[in-house]
Amino acid sequence: YLSVTLGVKSQDNHYLSVSLSLVNNHCYPCDLNHSLQQLQLATMSRVDKESTHLLTSNDNNRTIDYGSGGHQPHDKDKVGSLLLHKGTIGFLGSLSISVNSLTGPAMLNLPSTYQRSGLIPTCAVIVVTCYLSSECCLHMADSISKLPYNDDFQKNIEFSDVFDYFLGHNGRKRRWFWLTQFLFFTCITCLNISSIVDTSQVVDTFVGNWVTGGSMALHFTSDNVEWIRWDPSTCTPQEVHDGNCVAFGSTSNGILLTLGYIITGLIFLPMSLLDLKENSHFQIMGFLVLLICSIEFLFEFCSVDPDQDGEIGLNFNNISLWGHAWDSLFGVILFNFALVIAIPAWLYEREATVPVPKVIWSSTILSSALYMAVGMAGGWAIPHVSDNMLESMISGVFGITMQISASLFAFMIIGLGIPLFSVLTRLNLTSSDICSHTMGNVLAVGLPWSVSWMLYSGRAITNLLSLGGVFFTSLVAFLLPVGLALYITVSLPEVVGSIYPNNNHHRKTSLIVLFVVVAIAILIALVGLWVGKD
């Protein structure tokens, strides 16, 4: 016999007492899951219709569980998640998803960024951005926990949902919801396209080095379509020496559909159709490969014998202290720290015992250490490193071991970011029922794959990194989460979260300072981008 009394808070702040009694006919020990299912159904049928926080609507097929400020409809079969949902992603899986979200395609640009922007400025920007990113993630999690009955993240709340709940009222017609949908979609699509292009380029370079006849591609120009091939024999000894012997590097005009792109699609496109829980196992595998390959890279960079010119091998003159160009520094670094995009979906799927602050701080600090170690070592060891570091490493200048490690790194780290980004985009589109699951796959999976092959050659991918980092990632991953947390703290001081339980004057001041610092960092990045264009 199970007797439960629920206190349900209604819109007028009164509490309704609902008593439920269930009899379990099974022998001891009772079937707890079965009883909870009965309790869920009884709750749905007994709770007064005025208690909008717990689910009721005059429509038999739809319910609203967002209180007076929300607008998102949900199916009744999702209601049981409040009682029965149990996250399955543990600490290792959580750390893997977080680190893999941080070590994306822009990580490959760090050695060239060190050579261009200098040791001190690049390290300083990484450290500052690491702190800002961690605070933004924690404040985003705190805002999500402030939704009704979501202190332990029991509800499936995506990025745009939390903005819609707190800002989508008072006649605003959900404009914040649609604005954040656009920014979130554009931000992750830039990340996804960059991952697809980087992985495809590395696969082509690997195929060219290891397959007889090299890699191949369809070359589309304004007046012709032809098959072209590439192998390392097309590179000069100086290009191999400098790490610039990359697949189809001399093809600057037209559009390429390469063998590497097709292989990448066959492997990672089906994985993009899975959910976050199914992808977590691959993310753990990728995280372990990341650690092993990073150690291997550092060992190879430090142990390679210098050549007769003293260039190949560690040469500290390859990176100056202050650098000579800083226009893309903030854009590339900001593009790395896009952890916020994974926070909402991860909070819902994590095990309840996984500590949120520990995962966030551990992942950002570990990723920053890897950024600096691999970035500096790569910049010191490769005299003229390409924007995509793996292309230089696969060129053969560091030997067979480095070629294999770099290829494995591309597949397991950069490549596994492709399904992760696709899943996060689809979840944000479909959680609020603005599109079906099929249409979500079309936009989150089909669109990036249909566009990325046209950005394979030229400097399009570098420009995408800078523009995406400044205009979209800086807003989604930094400015918007802090702005929302500041708005809630000022406008709704009585609402407390589970990450920062005290809404005192000190917290308000710290949020204002954090918002100003983030805004200044974004402004510096914008000015640098503008100066770089001149």
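**Notebook: helix packing and buried positions in a predicted model**

Residues are numbered from 1 along each chain as its sequence is written, and side-chain values use heavy atoms, with hydrogens and water left out.

**Entry 1. Overall content**

I looked up the secondary structure and found 18 helices and 5 strands in the protein chain (DSSP runs, numbered from the N terminus: helices are H or I of at least four residues, strands E of at least two). I then took the contacts (heavy atoms within 4.5 Å) between residues at least 6 apart in sequence; 76% of them join residues at least 24 apart.

**Entry 2. Helices α6 and α7**

I examined α6 (residues 159–167) against α7 (residues 175–210); they pack at an angle of about 160 degrees, with axes 8 Å apart. The axes are lines fitted to C-alpha atoms, for helices over the stretch in contact, and angles run from 0 to 180 degrees between N-to-C directions. The two helices are therefore roughly antiparallel to each other (over 145 degrees; under 35 is roughly parallel, 65 to 115 roughly perpendicular and the rest oblique). From α6, I listed Phe-159, Ser-160, Asp-161, Phe-163, Asp-164 and Leu-167, which meet Trp-176, Phe-177, Thr-180, Gln-181 and Phe-184 in α7.

**Entry 3. Gly-208**

I stayed with α7, where Gly-208 is located. Gly-208 is buried, with a relative accessible area of 5%. Leaving aside neighbours within four places in sequence, Gly-208 is in contact with Gly-214, Ser-215, Trp-230, Asp-231 and Pro-232. I also recorded 9.7 Å between the C-alpha atoms of Gly-208 and Gly-260, which lie 52 residues apart along the chain.

**Entry 4. Ser-101**

I located Ser-101 in helix α3 (residues 91–102). Ser-101 counts as buried at 4% relative accessibility. Its side chain reaches the backbone oxygen of Ile-97 at 2.7 Å. Not counting residues up to four places away in sequence, Ser-101 touches Asn-336, Leu-339, Ala-342 and Leu-420.

**Entry 5. Helix α4**

I checked α4 (residues 110–117) and found it mostly covered, with 7 of its 8 residues buried. Among those buried are Pro-111, Tyr-114 and Gln-115. Gly-118 follows α4 and has a positive phi, near 95 degrees.

Conventions
Predicted model: local features only at pLDDT ≥ 70, side-chain atom pairs only at ≥ 80, totals over all residues. Buried < 20%, exposed > 50% of the residue type's maximum accessible area, 1.4 Å probe, protein only. Polar contact = N/O pair within 3.5 Å; in protein donor to acceptor, adjacent residues only side chain to side chain.
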